Amino acid sequence: MDLLRFATAGSVDDGKSTLIGRLLYDSKAIFEDQLEAVEKTSRDRGDEYTNLALLTDGLRAEREQGITIDVAYRYFATPKRKFIIADTPGHIQYTRNMVTGASTADLAVILVDARNGLVEQSRRHAFLTTLLRVPHLVLAVNKMDLVDYSEEVFESIRSEFAAFATKLNVPDLTFIPMSALNGDNIVTRSDAMPWYDGPSLLHHLENVHVASDRNLVDVRFPVQYVVRPQSTQYHDYRGYAGQVAGGVLKAGDEVVVLPSGFSTTIAGIDTADGPVEEAFPPMSVTIRLADNLDVSRGDLICRPNNQPMVTQDVDAMVCWMDSASALRPGQKLAIKHTTRNARALVKDLQYRLDVNTLHRDEAADELGLNEIGRVRLRTTQPLFADPYGRNRTTGGFILIDESTNRTVAAGMITTAE
Amino acid sequence: MTPLDGSGFEYSMSQLSLLEAESIHIMREVVAEMQRPTLLFSGGKDSIVMLRIAEKAFWPAPIPFPVMHVDTGHNFPEVLDFRDRRVQELGVQLIVASVQDAIDRGLVREEPGGSRNRIQTPVLLDAVEKYRFDALFGGARRDEEKARAKERVFSFRDEFGQWDPKNQRPELWSLYNGRVFQGESIRVFPLSNWTELDVWQYIEHEQLELPPIYYAHEREVYLRHGMVMAVTEHSLPRDHETVFTALVRYRTVGDATLTAAVYSEAVTVRQIVDEVSVTRLTERGATRGDDKFSEAAMEDRKKEGYF
């Protein structure tokens, strides 16, 4: 059984909670005690049917204050796959939450209400999905029951979205007409829409091929921790522990360690379960090198003929996530990139992007909460980076305000020089 | 190239391998970046899995931090025996933060009815302060409860150990922000993305030993609020409660006065995996009296500094 992580996005009343409730309920991930609580609440509220949306209802702090607290993670499994849903709320602080949920997603489901068609938020969701390089996108046209399961309605939304998507570089796009409330095309194909010959949503989620989305070409191994046992049995053992960020490493491979630039070969790849012949993303392993080099946390192991950019000048798209402050040129922040910590100076804000219209505002002088822009950073130490589009691990970073320790921004490296 | 784990694709990993790789990465991040971590070890199945992952993350070096047990004094003796033996096998230091000691010292007072659930929190915070821990690994999972579903892997706590759900640090990719000022700490949940079934499948795969009460055994029990409670020195039946013998096992192991058993005939891990696959009750809903106080019981306790 493998694992699929997906994010769901939608506007306030498009039925996202009902859809998730339906997936959990129909895949039997809902337990009787949870269902009882929901049935009781539905009765208390006078609902005509059990409101599956309540299954994803949030914390008391949220209900009391009428706010939604960022991403909730939910789990279900079928005999084929385990699923992790990053459920991002629909309104307040939307961009920040969606960026967070999409950062680890293999697939995103964007819901639209068939009655309303594409709205401004649908375009924003699609843009953020592609900004975060989520490899698979599903446009779920929900509430088809309220438009008499009309093929024309579905086709018109499909063609409008497809035209918009060409501007965004969406790698894999699937359209599914559905009714989350009635369960049409959620788990099984619906008889109500005989004109639709595609898969149900669950069938698609179970079968979409995600293993090939990982970068198996560029060897990237950020050193996370140096293992030195200090015991008689392993007296001379020195291993470099980390999680493979790209490529396939094998014992005997010639490698280069950055930043020193020294070459050596891989003597062995260890795990607690014994040595392995190959390591690939996202395996956590410990690498032994043939030569005794000075290697520490934050260094990176790669192949001599395929190295990342080594740079202190970084161009990136940045999403600002802090409500108490803003990004401004001249600001100094801490940066965390793979296993490397440094400080960064904001040299320049090139433009702020309007996520609804994709308009670039080059006169902007700051980025506030939920705003996205292109910046240039100068770092105190070189980063070993790839463009985010090529590798989400070596291309992504976070910025931290050193006076508050808060994570204030997420960045995606575009190029560096 | 043949598939490595039978999942059918070259260079693919099973869900358990993926979860394990993520948990190992989280543990190494903590040890690399934090000053004084510890791991909360109760002898329960989630903490047993967590300890196994710690063993793997730093192999062949020993686990580079102590483990801590917040001991309510209301224990199942089988679990304490197991705890002590496991700690000795691994050669790790065990710190016991004792609720009984704290009562004797006057730090906390037992609630009427003898429940020690809420008073665990000040005892935990007292130990964190005493040993100056800045990172505490906990075995909690997001599938357990809805407050947990929204909590970060690195959960920031202020000087009072409090969780502020409205003020959490964004957590993207596998980049974790563990920065704290003095007195603050991070609760770290390496098993955040595991489900109860994943935990049992991992126990089966790794052939992990568990305290015997996780398997079906005959025990003297009585019913309280519909839950099957064991007769122990800390949890005696009241007059109207009838004692009978039943075949039961535990799904979670907590304070003996609050943790209920379930009827079961499962005596092997495989049989438990089969039972868990078809069970229709959450593990907390079925067996934890401590979450039944109100719909938001867990949320409230976390805000006070609970795990």
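**Labels and their grounds**

Author: Pro282(A) has its place in the loop between strand 13 and strand 14 (284-289) of chain A, where helices (H or I, at least four residues) and strands (E, at least two) are DSSP runs numbered from the N terminus. The peptide bond that leads from Pro281(A) to Pro282(A) is cis, with omega near -5°. This is a predicted model, in which local features need pLDDT of at least 70 and side-chain atom pairs count only at pLDDT 80 or more, while totals for chains, interfaces and linings use all residues. Residues are numbered from 1 along each chain as its sequence is written, chains are lettered from A and ligands numbered from 1 in the order in which they are written, and side-chain values use heavy atoms, with hydrogens and water left out.

Reader: Which other peptide bond is cis, and where does Pro259(A) lie?

Author: A cis peptide bond also joins Leu258(A) and Pro259(A), with omega about 10°, and Pro259(A) is placed in the loop between strand 11 (254-258) and strand 12 of chain A. Most residues other than glycine have a negative phi, and most peptide bonds are trans.

Reader: What makes the phi of Gln230(A) worth a remark, and why is Gln230(A) called exposed?

Author: Phi of Gln230(A) is near 55°, a positive value in a residue other than glycine. On accessibility, buried means under 20% relative accessible area, exposed over 50%, and partly exposed in between, with a 1.4 Å probe and protein chains only. Gln230(A) has 70% relative accessibility and therefore counts as exposed; this residue lies in the loop between strand 8 (225-227) and strand 9 (239-243) of chain A.

Reader: Is Thr338(A), with its phi near 45°, buried or exposed?

Author: Thr338(A) likewise has a positive phi in a residue other than glycine, but its relative accessibility is 11%, so Thr338(A) counts as buried. Its place is in the loop between strand 17 (332-337) and strand 18 (340-353) of chain A.

Reader: How do you know that Arg5(A) and Glu22(B) form a salt bridge, and why does the pair join two chains?

Author: A search of the whole structure finds 48 salt bridges over all chains. Arg5(A) lies in strand 1 (residues 2-9) of chain A and Glu22(B) in helix 1 (residues 15-33) of chain B, so the pair joins two chains. Both Arg5(A) and Glu22(B) are buried.

Reader: Why are Arg123(A) and Glu160(A) called partly exposed?

Author: Arg123(A) is at 23% relative accessibility and so counts as partly exposed, and Glu160(A), with a relative accessible area of 37%, is therefore partly exposed as well. The two form a salt bridge, their closest N and O atoms being 2.9 Å apart.

Reader: What is the count of salt bridges between chain A and chain B, and how much area is buried there?

Author: The count between the two chains is seven salt bridges. The area buried between chain A and chain B is about 6500 Å², of which carbon and sulfur atoms give 56%; buried area is the accessible area (1.4 Å probe) that two parts lose on being put together, summed over both. The contact (heavy atoms within 4.5 Å) takes 83 residues from chain A and 65 residues from chain B.

Definitions and conventions: A salt bridge is a side-chain nitrogen of Lys or Arg within 4 Å of a carboxyl oxygen of Asp or Glu.
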